[in-house]
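Here is a short briefing to read alongside the model. Please keep the structure open as you go through the points.

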Amino acid sequence: TAVILATKPFAIPEACKDLASVEDNDALIISIAAGVTIKTLESLLPGRRVIRVMPNTPCLVGQTAAAFALGSLATDADREIA
């Protein structure tokens, strides 16, 4: 199971608060919120596996590349999902 956080950065703390109360603690959290670091995500979601994706502007013209970074608890299997 994976949950994608696709919201404005200011809404991340509230979204993570809601997500932290969900019983499926095994879900991988993938964030595309601009400027929200892995450190921030892991502090808001302790014990959760997180991946931060950094999409680029050319998405607007139908061509894209995206870098991603694994959080400290993310696994090689999570890398394959991302």
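Aspartate 26 is exposed, with a relative accessible area of 58% (exposed means over 50%, buried under 20%, partly exposed in between, with a 1.4 Å probe and protein chains only). This is a predicted model, in which local features need pLDDT of at least 70 and side-chain atom pairs count only at pLDDT 80 or more, while totals for chains, interfaces and linings use all residues. Residues are numbered from 1 along each chain as its sequence is written, and side-chain values use heavy atoms, leaving out hydrogens and water.

**Salt bridges**
- The whole structure holds three salt bridges (a side-chain nitrogen of Lys or Arg within 4 Å of a carboxyl oxygen of Asp or Glu).
- Aspartate 26 pairs with arginine 49, their closest N and O atoms being 3.2 Å apart.
- Arginine 49 is buried at 17% relative accessibility, and aspartate 78 is buried at 2%.
- Aspartate 78 also forms a salt bridge with arginine 49, with closest N and O atoms 2.7 Å apart.

**Strands around S2**
- Strand S2 covers residues 28-31, and its residues Leu28, Ile29, Ile30 and Ser31 are all buried (strands are DSSP E runs of at least two residues, helices H or I runs of at least four, numbered from the N terminus).
- Strand S1 runs parallel to S2, joined by four bridges (pairing takes at least two DSSP bridges).
- Three bridges join S2 to the parallel strand S3, where isoleucine 29 stands opposite valine 50.
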